[in-house]
Amino acid sequence: MKIFPAIDIMDGKVVRLVMGSYDNSTVYSDDPLAIAKGFEEAGAGHIHIVDLDGAREGTPANFEMIEAIKSKTDLWVQVGGGIRDMKKADRYINTGIDRIILGTAAIKNPDFLNDALDIHGEKIAVGIDARNGNIAVNGWKETTKINAISYAKMLARKGVAAIIFTDISKDGMLGGTNSELYKKLSEIPKMEIIASGGVTYMEEIGELSGYVSGVIIGKALYDGKLDLAEVVKTYEGN
């Protein structure tokens with residue numbers, strides 16, 4: 001299983017939001033690159049980065065910082081936030097980012113998703129952020145009437161290789177994740193499922209390893225609930 005420590009960037013700083021609220025954030029560092037290097041030193045091989053400003057504004061706002069993380073570490077990097085047209089997608093891929101995550105744009109502009117898949121294939125993942133079972137978009141500010149699991153099944157039929165699925169109600173709460181949800185998602189054939197939102201305990205990571213191919217860990221690392229080196233040593237590759 002792949003372990004993805006998370007860096008969410010807002011105003012150039014590393015922050016964590018509670019349940020996706022931009023008004024309820026904690027700043028952990030003003031140096032995202034230093035945090036990324038620390039994750040690498042702890043044994044991480046992968047990293048998950050979200051440009052929160054980009055997600056809110058609809059255009060990548062922290063590109064140079066994300067590019068620096070890729071060029072100055074050996075981490076496998078996936079990035080989401082504000083990638084809403086092919087020019088922005090190409091820019092990330094051409095700078096060496098390993099995978100980009102389309103969220104709002106994939107839902108609101110399916111033609112863009114189709115074009116991105118045609119050009120970049122497995123370098124494209126789709127982020128599904130669910131609130132009360134339905135998809136939230138635009139930095140989680142707007143909740144649609146689209147059922148999240150039904151949408152995930154449609155993406156599998158379309159040929160999307162991976163989804164990053166976040167249960168917003170669990171995100172940043174340090175109360176554990178929604179394991180039953182990921183068990184249900186794991187039944188979708190030919191789809192890499194990456195779990196995100198509330199992952200807090202070693203035991204639940206072990207449980208998730210039976211259902212998903214990767215987990216994203218954020219606040220639990222920053223608040224010392226989980227030790228990244230221990231998580232990687234125990235579960236990476238399982």
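Which residues does Phe4 touch, not counting residues up to four places away in sequence? Phe4 touches His46, Ile47, His48, Trp76, Gln78, Arg99, Ile194, Gly214, Val215, Ile216 and Ile217, where contact means heavy atoms within 4.5 Å. This is a predicted model, in which local features need pLDDT of at least 70 and side-chain atom pairs count only at pLDDT 80 or more, while totals for chains, interfaces and linings use all residues. Residues are numbered from 1 along each chain as its sequence is written, and side-chain values use heavy atoms, with hydrogens and water left out.

**Overall form**

- The chain has 11 helices and 12 strands; helices (H or I, at least four residues) and strands (E, at least two) are DSSP runs, numbered from the N terminus.
- Along the principal axes, the C-alpha atoms fill a box of roughly 40 × 40 × 35 Å.
- Buried residues account for 57% of the 238 residues; buried means under 20% relative accessible area, exposed over 50%, and partly exposed in between (1.4 Å probe, protein chains only).
- The accessible surface is about 10,000 Å², and carbon and sulfur atoms hold 46% of this surface; areas come from the Shrake-Rupley method with a 1.4 Å probe, and for residues only the protein chains shown count as cover.
- Of the contacts between residues at least 6 apart in sequence, 65% join residues at least 24 apart.

**Nonpolar cores**

- In soluble globular proteins, nonpolar side chains tend to be buried together.
- The largest nonpolar core has 70 residues, and Ile7, Ile128, Ile163 and Ile217 touch the most other members; such a core is a set of buried Ala, Val, Leu, Ile, Met, Phe, Trp, Tyr and Cys residues joined through side-chain atoms within 4.5 Å.
- Helix H7 gives this core its largest share, 6 residues.
- Another core, of 8 residues, lies apart from the largest one, and among its members are Ala6, Ala125, Ile164 and Ile216.
- Leaving aside residues up to four places away in sequence, Ile128 touches Ile135, Ala148, Tyr151, Ala152, Leu155, Ile163, Ile164, Phe165 and Thr166.

**Helix H7**

- H7 covers residues 148-158, and its buried residues are Ala148, Ile149, Tyr151, Ala152, Leu155 and Ala156.
- These buried residues line one face of H7, because they fall within an arc of 160 degrees when seen down the axis; the arc is that of the directions from the helix axis to the C-beta atoms.
- At the start of H7, a side-chain oxygen of Asn147 comes within 3.2 Å of the backbone nitrogen of Ile149.

**Helix H3**

- In H3 (residues 63-71), the buried residues are Phe63, Ile66, Ala68, Ile69 and Lys70.
- Against these buried residues pack strand S1 (2-10), helix H1 (32-41), strand S4 (46-51), strand S5 (76-80) and helix H4 (86-94).

**Individual buried residues**

- Phe4 is found in strand S1 and is buried, with a relative accessible area of 0%.
- Phe4 and Ala61 are 57 residues apart in sequence and 22 Å apart in space, C-alpha to C-alpha.
- Ser179 is in helix H8 (residues 179-185) and is buried, at 11% relative accessible area.
- Not counting residues up to four places away in sequence, Ser179 touches Glu207, Leu208 and Tyr211.

**Individual exposed residues**

- Glu203 is in helix H9 (residues 202-208) and is exposed, with a relative accessible area of 62%.
- From Glu203 to Gly176 the C-alpha to C-alpha distance is 10.0 Å, and they are 27 residues apart in sequence.
- Asn132 lies in the loop between strand S7 (124-131) and strand S8 (134-137), and Asn132 counts as exposed at 78% relative accessibility.
- Phi of Asn132 is near 55 degrees, a positive value in a residue other than glycine.
- Lys190 is placed in the loop between H8 and strand S11 (192-196), and Lys190 counts as exposed at 82% relative accessibility.
- Lys190 is not a glycine, yet has a positive phi of about 55 degrees.

How values were computed. Polar contact = N/O pair within 3.5 Å; in protein donor to acceptor, adjacent residues only side chain to side chain.
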